[in-house]
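Hi,

Here's the structure I promised to pass on. Have a look at it first, and then read on for what turned up.

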Amino acid sequence: MISGDILWSSLPVPALLIGPDDIIAQSNSAAESFLNLSAKALEGAFVWDKVTIDADIEASFASAHAQRRSVFINDVDVGSGMRVPSTCNVLYSPLAGIDDVMLLMISPREIAGRIVQNDQSHKAARSAIGMAEMLAHEIKNPLAGITGAAQLLSMGLTPEDQELTDLIVEESRRIVKLLEQVEQFGNLRAPVRKAVNIHDVLDRARQSASVGFGAHMYYVVDYDPSLPRALADSDQLQQIFLNLLKNAAEAGTDGGTIRVRTFYDTALRVRQHDGTQARLPLQIEIIDDGPGLPPDIAKDIFEPFVSGRENGTGLGLALVSKLVHDGGGWISVESVPGKTAFRVSLPRAQNSDHDGEN
């Protein structure tokens, strides 16, 4: 059995354990190399004296420490007094079973080959979707002919034989619906972003779900009443929330709970195409108490044709991800048995203060 100390020291990602009062309790070898500081210089020191992060994160990290929750910052400059800052992703998260200790993990993005590989993966994914859209368009026409022919044949058949033609019609229509979902990826209009009251959109989506596909679920609303308006496309936001609520309803059982939560957090930033960083402080979480995502697909759940349900198309969450990112937002998921939380992070509309207007 490999000991925890060996795993900790062998971890290739820079990591620090942060104890009470933001004091560094332990550092691994990768952190020492990245920060260009020895364990003796790091351990026992105030973390923000040794680690510099180009973001207003101290308040968010203190809140995360107090509430035992995770904070993730994307594409932010991290350095130390002994090292020039470089672009990294940062995770600040509690450790299960260890009270009052947080893990600060720094993931440098310095390897050009990895970035190129990611770009190539995205290009390959876009090409695959483009091919799927073309095939969907071509397949729908002969399917319409098959459906029509089956309906004509059924007119002169016995009831027993009509069951077979009904099956042909039903399955053909199911395939057409799947193909229409594929075509949506190419037919989405560009978002028209305006100041949007998130709670109004959430309420409409929740009301629609509660009388339709999610009628078997119990809904709990936990809104931050001071949340400012988001910069978003209202119609596309409605589509995003409906898809996430449908996913939560399908994951739950009769009488299960869907929690809809909003809050404000300045920690998350993303790098835009022009190289600038955008703040995404408006947070919307849709949480279900279902069995959780299968571990083998959790990291790919937003990719097309990846599904955790039998007979699932794997297109709903992929479409949600596309809508969120095209609209300048970010989506993530955390899942364990009994709790799956999808979080949508959005930018704030200009001249929209955090003052309770919603």
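This is a predicted model: local features need pLDDT of at least 70, side-chain atom pairs count only at pLDDT 80 or more; totals for chains, interfaces and linings use all residues.

Start with helix α10, where L317, A318, L319, V320, S321, L323 and V324 are buried. In numbers, α10 covers residues 316–326. After the helix comes G328, and its phi is positive, near 85°.

How many cavities of 30 Å³ or more does a search of the whole structure find? The search finds 1. The volume of the largest cavity is about 90 Å³. In case you wonder how one looks for such a thing: rolling a probe the size of a water molecule over the atoms shows where empty space is left.

The lining of the largest cavity is made of 13 residues, and the ones nearest its centre are A232, D233, L237, L323 and G327. Two elements give two or more residues each to this lining, namely α10 and α9, which runs over 234–251. Of the elements, α9 gives the most, with 3 residues. Sorted by class, the lining has 7 nonpolar residues, 4 polar ones and 2 charged ones.

Next, the rings. The count of aromatic pairs comes to 2. In one of them, W48 and F61 sit 5.6 Å apart, centre to centre, with 45° between the planes, and the pair is tilted. W48 belongs to helix α4 (residues 47–50) and F61 to helix α5 (residues 58–67), so this pair links parts of the chain that are 13 residues apart. What about F61 and Y92: why do they count as stacked? Their ring centres are 4.3 Å apart and their planes are at 5°, which is why the pair is stacked. Planes under 30 degrees apart are what the word stands for. F61 lies in helix α5 and Y92 in strand β5 (residues 83–94), so the pair ties together parts that are 31 residues apart in sequence.

Together, W48, F61 and Y92 form one aromatic cluster.

R261 lies over the face of F263, 4.0 Å from the ring centre.

Now turn to N197, which you'll find in the loop between β7 (194–196) and α8 (198–210). N197 has a relative accessible area of 11%, so it is buried, given that buried means under 20%. Which backbone nitrogens lie by its side chain? The backbone nitrogen of H199 is 3.0 Å from a polar atom of the N197 side chain. For the backbone nitrogen of D200, the distance to a polar atom of that side chain is 3.2 Å.

Last stop: A349, in the segment after β15 (339–346). With a relative accessible area of 5%, A349 is buried.

Cheers

Definitions and conventions
Residues are numbered from 1 along each chain as its sequence is written. Side-chain values use heavy atoms; hydrogens and water are left out. On a 1 Å grid over the protein atoms alone, a cavity is a set of points where a 1.4 Å probe fits but cannot get out, and a pocket is an open set with protein on both sides within 12 Å along at least five of seven lines; lining residues have an atom within 4 Å of a point. Grid points are joined across faces, edges and corners, and a volume is the space filled by probe spheres set on the points. Helices (H or I, at least four residues) and strands (E, at least two) are DSSP runs, numbered from the N terminus. Ala, Val, Leu, Ile, Met, Phe, Trp, Tyr, Cys and Pro count as nonpolar, Asp, Glu, Lys and Arg as charged, and the others, Gly among them, as polar. Rings of Phe, Tyr and Trp (its six-membered ring) pair if their centres lie within 6.5 Å; planes under 30 degrees apart count as stacked, over 60 as edge-to-face and the rest as tilted. A charge sits over a ring if NZ of Lys or CZ of Arg is within 6 Å of the ring centre and within 35 degrees of the ring normal. Buried means under 20% relative accessible area, exposed over 50%, partly exposed in between (1.4 Å probe, protein chains only). A polar contact is a pair of N or O atoms within 3.5 Å; within protein, one must be able to donate a hydrogen and the other to accept it, and residues adjacent in sequence count only if both atoms are side-chain atoms.
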